[in-house]
Amino acid sequence: MPTRHPLLEISEIDTHIEAYLKQIGEITYRFPEHDSRCQSFRAVVDNQRWFVKHGNIPQTITWLRQALRFHAAIQHEALPQLHNSFTTPDGLALVYNWVDGEGLRPERELSPDEIHPRDRFCALPATEIIDALNVIYDVHVLIEKRGFIAEDFYDGCIIYDFAEKRIHLYDFDHYHPAPFVNDQGRLYGSTRFMAPEEFQKGARVDERTNVFMLGRTAFVLLANNSDLRADWKGNNAMWHVAKKATNADKQLRHQSVQAFVSAWHAAIADF
């Protein structure tokens, strides 16, 4: 009788996640604990690399279940594939395929002479950055179509393979069915990417909130987080699209992700 794959064909384990991964293979990297207090590992099982994420407190388990719901609804070549989930004695684990590349905000300590990955990315030719932005926007058009709203997207959710010029996005634990009401005050995320309503308790968070985030993504990646026109590597039309997207007044932004992306593509046609 064929044996089950110890990561892909199980529904529960009876031992601690780290001990189990060492039992069935090798942990080749243990990521520092996330702000969310999840545990993450690069594990090698049968000569194949996997990314395993584990939560063992009620809040992290809830977030991982949100990620399960998200990945069940949305598949895209820029998203690492979620292969399985299983319970542990104290929590829940998700198993993703491993993707090559460098996180733009790496969790490892950089060497003294190493250029920060985001600075390396922002120094790339504008056309290469725009290609990556277009993938981010394509993913979020699909997300909008599937009825989800982004929360906590920032440059730390980007993995870039500099050799292959390929971008991957990850960490969708906070993506919600759309829309929702901000019942916290300040939501999760990086201030550099967040719309005003993400700080306002009782405010509606909807597709126009995501438009703001995508506009800020353009400023972070095409101007290395600068708002100065002199630092912008795109053309004037692209600048105006991003500025409209990041208007503090929701009514003055593009009214959907699709509308923003359509305006963006019209602007880059002459770049």
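Modeller: One term before we start: a residue is called buried when its relative accessible area is under 20%. And keep in mind that this is a predicted model.

Biologist: Fine. How many residues of strand 2 are buried?
Modeller: Strand 2 has seven residues and is mostly covered. By the cut-off of under 20%, the number of its residues that count as buried is five.

Biologist: In what order do the strands of the open sheet of five strands run?
Modeller: The pairing in this sheet is antiparallel. The edge strands are strand 1 (26–30) and strand 4 (82–88), each pairing on one side only. Neighbouring strands are turned by 30° against each other on average, direction ignored. Reading across the sheet, the order is 1-2-3-5-4.

Biologist: Which residue is the bridge partner of Ser 85 in strand 5?
Modeller: Strand 4 and strand 5 (residues 91–97) run antiparallel and are joined by six bridges. In strand 5, the partner of Ser 85 is Leu 94.

Biologist: What angle does helix 2 make with strand 5?
Modeller: Take helix 1 (residues 17–24) to begin with: it packs on the sheet, touching strand 1, strand 2, strand 3, strand 4 and strand 5, and its direction makes about 10° with that of strand 2. Helix 2 (residues 58–73) packs on the sheet too, touching strand 3, strand 4 and strand 5. The angle between the directions of helix 2 and strand 5 is about 40°.

Biologist: Which residue takes a positive phi in the hairpin of strand 2 and strand 3?
Modeller: Strand 2 and strand 3 pair in the antiparallel sense over seven bridges, with Gln 39 standing opposite His 54. The hairpin has two residues between the strands. The one with a positive phi, near 55°, is Asp 46.

Biologist: Over to Glu 102, then. Why does Glu 102 count as buried?
Modeller: Glu 102 sits in strand 6 (residues 102–103). Leaving aside neighbours within four places in sequence, Glu 102 is in contact with Arg 108, Pro 117, Ile 158, Ile 159, Tyr 160 and Phe 162. The cut-off for buried is under 20%, and Glu 102 is buried because its relative accessible area is 17%.

Biologist: Which residue in strand 8 does Glu 102 stand opposite?
Modeller: An open sheet of three strands, paired antiparallel, has the order 6-8-9. Its edge strands are strand 6 and strand 9 (166–169), each of which pairs on one side only. Two bridges join strand 6 to strand 8 (residues 158–161). In strand 8, the residue opposite Glu 102 is Tyr 160.

Biologist: And which helix packs on this sheet?
Modeller: The helix in question touches strand 8 and strand 9, and its direction makes about 35° with that of strand 9. It spans residues 126–145 and is helix 4.

Biologist: Which element gives the largest share of the largest nonpolar core?
Modeller: That core has 51 residues, and those with the most contacts inside it are Ile 136, Trp 232 and Trp 264. Elements giving two or more residues include strand 8, strand 9 and helix 5 (207–222). The largest share, eleven residues, comes from helix 4.

Notes: Residues numbered from 1 in each chain as written. Predicted model: local features only at pLDDT ≥ 70, side-chain atom pairs only at ≥ 80, totals over all residues. Heavy atoms only, no water. Helix = DSSP H or I, 4+ residues; strand = E, 2+ residues; numbered from the N terminus. Buried < 20%, exposed > 50% of the residue type's maximum accessible area, 1.4 Å probe, protein only. Contact = heavy atoms within 4.5 Å. Pairing = 2+ DSSP bridges. Axes fitted to C-alpha atoms, helices over the stretch in contact; angles between N-to-C directions. Core = buried A, V, L, I, M, F, W, Y, C linked by side-chain atoms within 4.5 Å.
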